[in-house]
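Please keep the sequence and the structure open while working through the numbered points.

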Amino acid sequence: MSAPKAAAAPQVDTTIANPSALNKYKDAAAITNEVLEKVIAKCVAGAKVMDICVEGDKLIREATKVIYTKQKFSKGVGFPVTISLNNVVAHFSPIPSDPEAATVLAEGDVAKIQLGTQIDGYCATVAHTLVVGASADKPVTGAKADAIQAAHTALEATIRMIRPGNKNMEITKVVDQIAEAYGTKPVEGMLSHQQLQNVTDGEKQIILNPMEAHLKDFKRVEFGENEVYCVDILVSTGEGKVRPSTTRTTVYKKTSTRYQLKMAASRAVLSEIQTKAGSFPFSLRDLEDERKARMGIIECAKHQTVLPYDIVQEREGAFVAQFLTTVLVTKKGNVVICDPRFNQAVVKSDKKVEDEEITKLLATDYAPPKKAAK
């Protein structure tokens, strides 16, 4: 007589329908919002970009260390602090051994700050754009203001369009229209992703300014209730086209790809990444030996056991603006848990959206309209 089969472990609901998952998203967002505010305050002329990135990551770790102390699960940096300047699109986070470690902020720089916190694999990410030295008394004007205003307006429209039953490509068209109204272009091929526990690049996506090649395998999808999205809007005063930067990549993420790495240094690096970052993006600064990390990460990336967050840029002289937030799609409407801290008093564009349908959309609440009583 065969032994009775062990009962299968009950399936845990990892969506925001589960109050535990919902609370972890919100607690992660509270840290993300607090750290963003502190990072913004440090972005002054003469400050070293690397020092601000290091301090921001430290603040996230310190804040996550003192919560959920009785549970044994991962928590910490969900996306390392990156500060990308002017025509650099994203992912600039220097490490001490690179020449870019000397980069300092200058008056008038357009700085895009991105960072995130994760608790038990539930990640809350945000991005904000500022102009160094700008204030309500000395507001941003001209092309820089146009790009910042366009990115924020497109983010607000996108948040309102992520509703159950709506389609992702509808958003792509609206973002194009908004960018055009401000004389700007969405950055080509940039993606917003559905978020799941321990997954920052879920299957459902929103694409900006796609080329034909981008659309070949791109999935047309509908949004659903209890989904979570990292909504990332990048807008450029240039052509919206990106080209590789000469700056070396410093941010990576472990993938699920398995490969028997040849070098001991590569295997050690991959093991350290698994322990420290799990499936979340990390900076090479976080690894114990920077020289060995640089050596080992090459083989890891070659065999796709890690994914590089490459540094790309627009043409020289262009400015790229970014606003990003984390959105929870609930039955009662969308909840924006991360505050990208747009300040209208500091941004003065002389352009605006004239399209009637988009203007109506922007005037609505995040909650869906109530159905009329029968």
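Which residues of helix 6 are buried? The points below begin with that question and then turn to other parts of the structure, which is a predicted model.

1. **The buried side of helix 6.** The residues of helix 6 that are buried are Ala265, Ser266, Val269, Leu270, Glu272 and Ile273. They lie on the same side of the helix, because the arc they cover around the axis is only 165°. On the other side of helix 6, Ala264 and Thr275 are exposed.

2. **Length and end of helix 6.** Helix 6 comprises 13 residues, 264-276. From its first C-alpha to its last it reaches 18 Å, close to the 18 Å expected at 1.5 Å a residue. Just after helix 6 comes glycine 278, which takes a positive phi of about 60°.

3. **What covers helix 6.** The cover over the buried residues of helix 6 includes strand 9 (251-254), strand 10 (282-283), helix 7 (290-302) and strand 11 (306-308).

4. Tyrosine 252 stands opposite phenylalanine 282 in strand 10.

5. **Helix 6 against helix 7.** The axes of these two helices come within 8 Å and cross at roughly 95°. Helix 6 is therefore roughly perpendicular to helix 7, since angles of 65 to 115 degrees count as such. On the side of helix 6, the residues that meet helix 7 are Ala265, Ser266, Val269, Leu270 and Ile273. Their counterparts in helix 7 are Lys292, Ala293, Met295, Gly296, Ile297, Glu299 and Cys300.

6. **Helix 2.** Helix 2 consists of 17 residues, 49-65, and reaches 25 Å from its first C-alpha to its last, close to the 24 Å expected at 1.5 Å a residue. Its buried residues are Val49, Met50, Ile52, Cys53, Gly56, Asp57, Leu59, Ile60 and Thr64. What covers them includes helix 1 (19-42), strand 1 (75-85) and strand 2 (110-119).

7. **Strand 7: an enclosed strand.** In a regular strand, side chains alternate between the two faces of the sheet. In strand 7, Val228, Cys230, Asp232, Leu234 and Ser236 point one way, while Tyr229, Val231, Ile233 and Val235 point the other way. Nine of the nine residues of strand 7 (228-236) are buried, so the strand is largely enclosed by the rest of the structure.

8. **The partners of strand 7.** Which residue stands opposite cysteine 230 in strand 13? It is threonine 326. Strand 13 (residues 320-330) pairs with strand 7 in the antiparallel sense over nine bridges. Strand 5 (residues 191-195) is also antiparallel to strand 7, with three bridges, and here histidine 193 stands opposite cysteine 230. Strand 4 (residues 185-186) runs antiparallel to strand 7 and is joined to it by two bridges; proline 186 stands opposite valine 235.

9. Tyrosine 68, although not a glycine, has a positive phi of about 50°. Its place is in the loop between helix 2 and strand 1. Asparagine 86 also has a positive phi, near 55°, and is a residue other than glycine. Asparagine 86 is found in the loop between strand 1 and strand 2. Is asparagine 86 buried or exposed? Its relative accessible area is 18%, so asparagine 86 is buried, the cut-off being under 20%.

10. **Aspartate 109.** The loop between strand 1 and strand 2 also holds aspartate 109. With a relative accessible area of 12%, aspartate 109 is buried. Not counting residues up to four places away in sequence, aspartate 109 touches Leu85, Asn86, Val104, Leu130, Val131 and Val132. Aspartate 109 and valine 175 are 66 residues apart in sequence, and their C-alpha atoms are 25 Å apart in space.

Terms used:
Residues numbered from 1 in each chain as written. Predicted model: local features only at pLDDT ≥ 70, side-chain atom pairs only at ≥ 80, totals over all residues. Heavy atoms only, no water. Helix = DSSP H or I, 4+ residues; strand = E, 2+ residues; numbered from the N terminus. Expected span 1.5 Å × (residues − 1). Buried < 20%, exposed > 50% of the residue type's maximum accessible area, 1.4 Å probe, protein only. Arc of directions from axis to C-beta. Contact = heavy atoms within 4.5 Å. Pairing = 2+ DSSP bridges. Axes fitted to C-alpha atoms, helices over the stretch in contact; angles between N-to-C directions. Parallel < 35°, antiparallel > 145°, perpendicular 65-115°, else oblique.
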